[in-house]
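Colleague: I am new to this structure and would like to learn how to read it. Could you show it to me and take me through it?

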Amino acid sequence: EELSESTWLDIAHASATVVFRGSGPNFCLGGSSQTGQLESKAMSAGLTAFAALCRQLEHSPVPTICICHGATRGGGMLFPCASTIVLAHRDATFGFPEIRRGVLPGV
């Protein structure tokens, strides 16, 4: 939600590069399919926003850099998968845990 299309365009046009960096012990853990049902309105809205962010990253007018540390899982994998450059700290781990539950990754 924080990166609306107009915000993304403002950032991209004002910058030579966009850098994604997580705060806290992990880069990004994505959403939790255990806390919400896939059929819920909130989950549907979240998936729509996620798809819009995917399109924005794919068509970014500037290079994107993803700096990963700790865990990057599920929907959080969008950022390293779609970035121009990925820098990973030695403690970084990556994965799609939803596959174990029979759910295809959204990335």
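Modeller: Gladly; we will go from the overall layout to the core and its aromatic rings.

Modeller: This is a predicted model, where local features need pLDDT of at least 70, side-chain atom pairs count only at pLDDT 80 or more, and totals for chains, interfaces and linings use all residues. Residues are numbered from 1 along each chain as its sequence is written, and side-chain values use heavy atoms, with hydrogens and water left out.

Colleague: What pLDDT does the protein average?

Modeller: pLDDT is the predictor's confidence in each residue, from 0 to 100. Here the average is 80, and 80% of the residues score at least 70.

Colleague: Which residues make up the largest nonpolar core?

Modeller: A nonpolar core is a set of buried Ala, Val, Leu, Ile, Met, Phe, Trp, Tyr and Cys residues joined through side-chain atoms within 4.5 Å. Buried means under 20% relative accessible area, with a 1.4 Å probe and protein chains only. The largest core here has 12 residues: V18, F20, F27, L53, C54, L57, V62, C66, C68, L78, F79 and A92. At least two residues each come from β1 (18-21), α2 (41-58), β2 (64-68) and α3 (78-82); the largest share, 3 residues, is from α2.

Colleague: How many aromatic pairs are there?

Modeller: A pair of aromatic rings is described by the distance of the centres and the angle of the planes. Rings of Phe, Tyr and Trp (its six-membered ring) pair if their centres lie within 6.5 Å; planes under 30 degrees apart count as stacked, over 60 as edge-to-face and the rest as tilted. The count comes to 2. F20 and F79 are tilted, because their planes stand at 50°, with centres 4.9 Å apart. This pair links strand β1 to helix α3, 59 residues apart. F27 and F79 are edge-to-face, at 6.0 Å and 80°. F27 lies in the loop between β1 and α2, so its pairing with F79 in helix α3 ties together parts 52 residues apart in sequence.

Colleague: Which residues do the ring pairs link into a cluster?

Modeller: They are F20, F27 and F79.

Notes:
Buried means under 20% relative accessible area, exposed over 50%, partly exposed in between (1.4 Å probe, protein chains only). Helices (H or I, at least four residues) and strands (E, at least two) are DSSP runs, numbered from the N terminus.
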